[in-house]
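User: Please explain how the labels given to individual residues and ring pairs follow from their definitions.

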Amino acid sequence: MIVVAGEALIDLVPQGSGALAGLLPRRGGGPYNTAVALGRLGSRTAFCSRVSRDAYGEALLDGLVDAGVDVSCVQRGGEPTTLAAATIGPDGSAAYSFYVEGTADRLFTVPDRLPDETRAVSFGTCSLVLEPGASAYEELLRTAAARGVLTALDPNIRAGLIPDPDAYRARFTSWLPSVSLLKLSEEDARWLGGTPLEWLAAGPSAVVITRGGDGLTAFTRDGSVHSVPGERVDVVDTIGAGDTVNAALLHGLAVRDALSPAALSELGARGWTELLGFAARAAAVTCSRAGAEPPYARELGDL
């Protein structure tokens with residue numbers, strides 16, 4: 001089982017151009033999108049979070065259940081659901097304004113245990129920024145790594161939520177000894193100010209950089225570099241594309257029985273090329289439709 005830990009929220013997606021375009025509520029949040037994508041791809045998946053009991057929270061749980069995701073690790077609360085109002089640029093890229101004060105997901109606490117069959121745990125985005133939940137997710141990351149479980153991290157930087165960038169960068173560096181697979185965009189890498197070689201030296205077995213339409217590149221501990229081009233598609237928006245990459249990478253590792261730090265190090269050139277190519281195809285499908293709507297396995301063909 002792959003456990004995805006982090007926030008679930010509602011994206012308010014513009015239905016036209018301009019700042020005052022009508023907004024359509026869509027299920028979202030980086031970890032939430034990753035869990036849904038994993039479920040649609042066919043991986044056994046559980047979601048570990050804290051979700052509101054309001055109508056949006058119920059809709060978020062329904063989306064997980066519809067994707068076949070186990071929700072037994074989801075905590076509930078009476079606080080409202082976090083909202084993220086998106087604006088879409090001419091190239092389909094999304095920027096967000098967040099409404100996070102007093103929301104349910106911020107009050108996440110460390111669970112007593114994860115499912116016994118857990119092979120990997122994925123973390124990222126707002127959940128590692130907003131306290132007090134961020135410290136609880138950080139503890140879960142360190143505990144899972146100490147047990148030898150594969151850990152995946154996508155920082156998915158939302159700069160508007162980070163009041164002290166230098167403190168966050170230092171905290172990010174402190175996570176790396178507990179991270180097996182680090183995935184981040186070129187934009188995230190520039191904001192963080194490091195390099196794949198520096199991050200690999202701190203702990204991860206592999207670092208995957210997404211380059212938008214130009215594709216993906218993986219850097220591994222043995223010094224190898226593997227790249228694939230992007231899949232050409234008419235982009236509607238990029239919401240959820242990076243989260244789909246996370247899911248595709250983890251699903252591909254699961255199919256190869258490579259959900260362990262040691263197996264990740266032994267994937268090899270052919271394995272990485274196939275894995276990255278699958279992730280590129282999956283992200284392209286997500287970009288071809290509005291909002292975070294990751295593909296089903298039947299839409300992608302063989303891995």
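Analyst: The answers below set values against definitions. This is a predicted model, in which local features need pLDDT of at least 70, side-chain atom pairs count only at pLDDT 80 or more, and totals for chains, interfaces and linings use all residues. Residues are numbered from 1 along each chain as its sequence is written, and side-chain values use heavy atoms, with hydrogens and water left out.

User: Why is Thr103 called buried?

Analyst: Buried means under 20% relative accessible area, with exposed over 50% and partly exposed in between (1.4 Å probe, protein chains only). Thr103 has 3% relative accessibility, so the residue counts as buried.

User: What makes the pair of Tyr32 and Phe47 edge-to-face?

Analyst: Rings of Phe, Tyr and Trp (its six-membered ring) pair if their centres lie within 6.5 Å; planes under 30 degrees apart count as stacked, over 60 as edge-to-face and the rest as tilted. By this rule there are six aromatic pairs. For Tyr32 and Phe47 the centres are 6.0 Å apart and the planes stand at 90°, so the pair is edge-to-face. Both residues, Tyr32 and Phe47, are buried.

User: Which label does the pair of Tyr168 and Trp191 receive?

Analyst: Tyr168 and Trp191 are also edge-to-face, at 5.9 Å centre to centre with 65° between the planes. Tyr168 has 6% relative accessibility and therefore counts as buried. Tyr168 and Trp191 belong to one aromatic cluster with Phe172, Trp175 and Trp199.
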